[in-house]
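Here is a short report on a protein model. Look at the sequence and the fold first, then read on.

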Amino acid sequence: MDKQKARDLDDLTLALMIEDHFGSENLRKHPSGVWFFDGTIWSLMKEQTLKAIATDVLAQQIDQVRDARVKAAISLFKSRHFDEDELFE
């Protein structure tokens, strides 16, 4: 599979690639952070884990992965479907 050119993609597109990796139904974005459902429980994803997964996902799909682009994509990823009223028990 040919990788897409990073220069042709905006940060939102990169954020959507990350979101697609997890599946929107498995994510909750809250002031406390990004929560991921693994099929059994919801767990808070550590920032360094999210960055490592995002970097890996993007490396598989685009030709050049730069730290600034990963950070921007993660920022958009975290703000997309953000719900400050989400409650966890």
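## Phenylalanine 22

Start with phenylalanine 22, which lies in helix α1. This is a predicted model. Is phenylalanine 22 buried or exposed? Its relative accessibility is 8%, so phenylalanine 22 counts as buried. The cut-off for that label is under 20%.

What does phenylalanine 22 touch, once neighbours within four places in sequence are set aside? Its contacts are Leu27, Phe36, Met45, Leu50, Ile53 and Phe77. Valine 57 is 35 residues away from phenylalanine 22 along the chain, and their C-alpha atoms are 10 Å apart.

## The sheet

The strands form an open sheet of three, in the order β1-β2-β3, and the pairing is antiparallel. Strands β1 and β3 (42-44) are at the edges, and each pairs on one side only. From one strand to the next, the twist averages 25°.

Strand β1 covers residues 27-30 and strand β2 covers residues 33-37. The two run antiparallel and are joined by four bridges. Histidine 30 has glycine 33 of β2 as its bridge partner. Two residues separate β1 from β2, and the strands form a hairpin.

β2 and β3 also run antiparallel, with three bridges joining them. Here tryptophan 35 stands opposite leucine 44 of β3. Phenylalanine 37 has tryptophan 42 of β3 as its bridge partner. These strands form a hairpin too, with four residues between them. Glycine 39 sits in the turn and has a positive phi of about 105°.

## Helix α1 on helix α2

Now the helices. The axes of α1 and α2 are 10 Å apart, and the helices pack at an angle of about 105°. That angle makes α1 roughly perpendicular to α2. The range for that label is 65 to 115 degrees.

From α1, the contact uses Leu14, Met17, Ile18, His21 and Phe22. From α2, it uses Leu50, Ile53, Ala54, Val57, Leu58 and Gln61. By class, nine of these residues are nonpolar and two are polar, with no charged residue.

## Helix α1 on helix α3

Helix α1 (residues 11-22) also meets α3. Their axes come within 8 Å and cross at roughly 65°. The two helices are therefore roughly perpendicular to each other. The crossing of α1 and α3 is right-handed.

On the α1 side, the contact is made by Asp11, Leu12, Leu14, Ala15, Ile18, Glu19 and Phe22. On the α3 side, Arg69, Ala72, Ala73, Ile74, Leu76 and Phe77 take part. The contact has ten nonpolar residues, three charged and no polar.

## Alanine 73

Alanine 73 belongs to helix α3. How accessible is alanine 73, buried or exposed? Its relative accessibility is 0%, so alanine 73 counts as buried.

Which residues does alanine 73 touch, not counting those up to four places away in sequence? They are Asp11, Leu14, Ala15 and Ile18. Isoleucine 18 lies 55 residues from alanine 73 in sequence. In space, the two are 8.2 Å apart, C-alpha to C-alpha.

## Helix α2 on helix α3

Helix α2 spans residues 47-61 and helix α3 spans residues 67-79. Their axes come within 10 Å and cross at roughly 115°. That makes α2 roughly perpendicular to α3. The crossing of α2 and α3 is right-handed.

Helix α2 contributes Glu47, Leu50, Lys51, Ala54, Thr55 and Leu58 to the contact. Helix α3 contributes Asp67, Val70, Lys71, Ile74, Phe77 and Lys78. These residues divide into six nonpolar, one polar and five charged.

## Back to the start

Return to phenylalanine 22 with the helix contacts in mind. Phenylalanine 22 takes part in the contact of α1 with α2. It also takes part in the contact of α1 with α3.

Definitions and conventions
Residues are numbered from 1 along each chain as its sequence is written. This is a predicted model: local features need pLDDT of at least 70, side-chain atom pairs count only at pLDDT 80 or more; totals for chains, interfaces and linings use all residues. Side-chain values use heavy atoms; hydrogens and water are left out. Two strands pair if DSSP finds at least two bridges between them. Axes are lines fitted to C-alpha atoms, for helices over the stretch in contact, and angles run from 0 to 180 degrees between N-to-C directions. Angles under 35 degrees count as roughly parallel, over 145 as roughly antiparallel, 65 to 115 as roughly perpendicular and the rest as oblique. A crossing is left-handed if the near helix is turned anticlockwise from the far one by less than a right angle, and right-handed if clockwise. Contact means heavy atoms within 4.5 Å. Ala, Val, Leu, Ile, Met, Phe, Trp, Tyr, Cys and Pro count as nonpolar, Asp, Glu, Lys and Arg as charged, and the others, Gly among them, as polar. Buried means under 20% relative accessible area, exposed over 50%, partly exposed in between (1.4 Å probe, protein chains only).
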